[in-house]
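Subject: Structure handover

Hello,

Here is the structure you asked to take over. My notes on what turned up in it follow below.

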Amino acid sequence: MDWGIIQGQDAAVESLRRDISSDRVGGAYIFYGPEGVGKATAAGLFAQALECESKSETETPPCGVCPACGKVERGVHPDVITVRPEKDKSTGQDRKTIGVGPIREQVLERAHQRPQEGRRLVFILDNAQTVTIQAFNSLLKTLEEPSPDTVLIIVTPNLHALPPTVISRCRRLRFRSLNRAEQRGILSANLPDGEGKEEVDLDRLISLSLGRLGQAFDADSGALAEQRESALAFLEEVSAPVGKADEAVLLSMAAGVAGGGGSTRKDVLGFLEMILGLLRDILVLEVAPDVLEPWNADVEKALRAIGGRWGVSGLIQALDRVRNATRDVGEINTNPSLTLESLVISLRGTVGAGG
Ligand SMILES: [Zn+2]
């Protein structure tokens with residue numbers, strides 16, 4: 001990877017490159033701005049550049065080919081530490097917040113040591129909106145008296161959720177929203193050539209990514225989380241290989257959404273919009289995972305598996321059909337359960353449709 005992969009963020013990228021080439025790297029940075037515009041990718045590249053062993057006089061690091069660059073890219077460089085949440089002892093899952101414990105163990109206990117093999121110690125605090133105030137407070141002393149070869153990169157969608165005492169001690173880089181044309185350019189550049197590419201309605205896809213789900217999804221909000229779970233189960237079943245899908249199961253899933261428990265037209269629309277959001281993520285993961293981020297990053301593995309079975313051109317057709325069904329139920333007032341039933345059948349026809 002090189003800096004060219006980050007598009008539409010010239011100001012932020014230029015500023016980082018300047019810090020590197022003039023050897024005036026700060027002790028702490030905050031990368032902030034909306035989801036899916038390259039902040040985490042930039043943090044990875046910056047870490048790579050800070051450890052890069054290339055001696056080139058003409059090119060700004062990272063070179064992308066030296067051993068250090070390779071280790072950072074594979075996530076195994078001993079001096080580049082991405083802070084992780086603790087595991088919950090009872091469930092074995094990652095905790096939803098990063099508290100004082102992980103900050104102390106992963107950052108503070110190492111921050112004043114020498115790098116093991118690289119030139120600097122780099123700490124990446126991604127999703128910093130999940131870091132507790134107490135955990136940030138425990139970082140303050142390190143931020144006030146940074147050791148010269150330590151760099152902390154805080155990545156967050158929301159600058160003002162950070163304590164002002166932290167904000168004032170960091171170099172701040174704003175990553176801007178990408179406009180429709182820029183998003184279209186990124187997707188178009190990343191879609192594989194050939195089958196189906198010309199037919200992709202990129203505008204439609206982009207308008208999805210500007211939809212409300214992308215802004216507001218929060219896996220903690222019970223009803224939405226439940227709805228997403230059933231939408232994900234539905235997509236897993238619908239994308240099963242030919243001969244392996246159980247159409248009766250699919251139809252009863254659809255009927256459960258449409259008729260069960262007194263659900264309303266609004267519920268069906270919510271379900272269809274959730275499916276659209278997930279399909280959009282699946283497509284993003286298939287074609288441009290380094291540039292655009294999925295909204296539902298916590299279920300990325302499941303989404304990738306579905307995408308692998310579906311194929312790019314099938315996914316594009318599927319998006320189109322779900323979009324039509326949403327319009328039918330929302331604007332034309334068709335019978336929701338009949339619309340869902342015929343959606344099931346037509347979606348099955350898109351699985352593995354080339355691409
Ligand atoms: Zn390198």
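Cys66 is buried, at 11% relative accessibility. Cys66 is also one of the ligands of the zinc ion, which is coordinated by the SG atoms of Cys52, Cys63, Cys66 and Cys69 at 2.3 Å. The angles among the four donor atoms run from 104 to 118°, and the site is tetrahedral. For comparison, the ideal value for four tetrahedral donors is 109.5 degrees. Along the sequence the donor residues follow the spacing C-x10-C-x2-C-x2-C. Cys52 and Cys66 are 14 residues apart, and each sits in the loop between helix H2 (39–51) and helix H3 (67–74). Cys52 is buried as well, with a relative accessibility of 3%.

Please keep in mind that this is a predicted model. The average pLDDT is 83, and 86% of the residues score at least 70. The stretch to be careful with is residues 209–221, where the pLDDT is below 50; in the model this stretch has 21 contacts beyond near neighbours in sequence. Where pLDDT is low, the predicted coordinates should not be read in detail.

Aromatic pairs

The structure holds five aromatic pairs. One of them joins Tyr29 and Phe31 edge-to-face, with 6.4 Å centre to centre and 75° between the planes. Tyr29 is buried at 1% relative accessibility, and Phe31 is buried at 0%. Another edge-to-face pair is Phe234 with Phe271, at 5.5 Å centre to centre and 75° between the planes. Phe234 lies in helix H10 (residues 222–238) and Phe271 in helix H12 (residues 265–287), so this pair ties together parts that are 37 residues apart in sequence.

Salt bridges

Side chains of opposite charge can pair when their charged atoms come close. A search of the whole structure finds 13 salt bridges. I list three of them here.

- Arg169 and Glu144: the closest N and O atoms are 2.9 Å apart. Arg169 is in the loop between helix H6 (164–167) and strand E5 (171–174), while Glu144 is in helix H5 (residues 133–144), so the bridge ties together parts that are 25 residues apart in sequence. Arg169 is partly exposed at 32% relative accessibility, and Glu144 is partly exposed at 44%.
- Glu300 and Arg304: the closest N and O atoms are 2.9 Å apart. The two residues are four residues apart in helix H13 (residues 300–310), so about one helical turn separates them. Glu300 is partly exposed with a relative accessibility of 25%, and Arg304 is partly exposed with 39%.
- Glu86 and Arg95: the closest N and O atoms are 3.8 Å apart. A salt bridge is counted within 4 Å, so this pair qualifies. Glu86 is partly exposed at 34% relative accessibility, and Arg95 is partly exposed at 37%. Salt bridges with shared partners join Glu86, Asp88 and Arg95 into one network.

Arg84

One more residue may be of use when you go through the model. Where is Arg84 found? Arg84 is in the loop between strand E2 (80–82) and helix H4 (100–111). Is Arg84 buried or exposed? Arg84 has a relative accessible area of 52%, and the cut-off for exposed is over 50%, so Arg84 counts as exposed. Which residues does Arg84 contact, leaving aside its neighbours within four places in sequence? Those in contact with Arg84 are Ile98, Pro102 and Gln106. The C-alpha atoms of Arg84 and Ile103 are separated by 8.8 Å, and these two residues are 19 residues apart along the chain.

Regards

Conventions:
Residues numbered from 1 in each chain as written. Predicted model: local features only at pLDDT ≥ 70, side-chain atom pairs only at ≥ 80, totals over all residues. Heavy atoms only, no water. pLDDT = per-residue confidence, 0-100. Contact = heavy atoms within 4.5 Å. Phe/Tyr/Trp six-rings, centres within 6.5 Å; stacked < 30°, edge-to-face > 60°. Buried < 20%, exposed > 50% of the residue type's maximum accessible area, 1.4 Å probe, protein only. Donors = N, O, S within 2.8 Å, 3.2 Å for Na, K, Ca; no water. Tetrahedral: all angles 85-135°; square planar, octahedral: opposite > 155°, others 65-115°. Salt bridge = Lys/Arg side-chain N within 4 Å of Asp/Glu carboxyl O.
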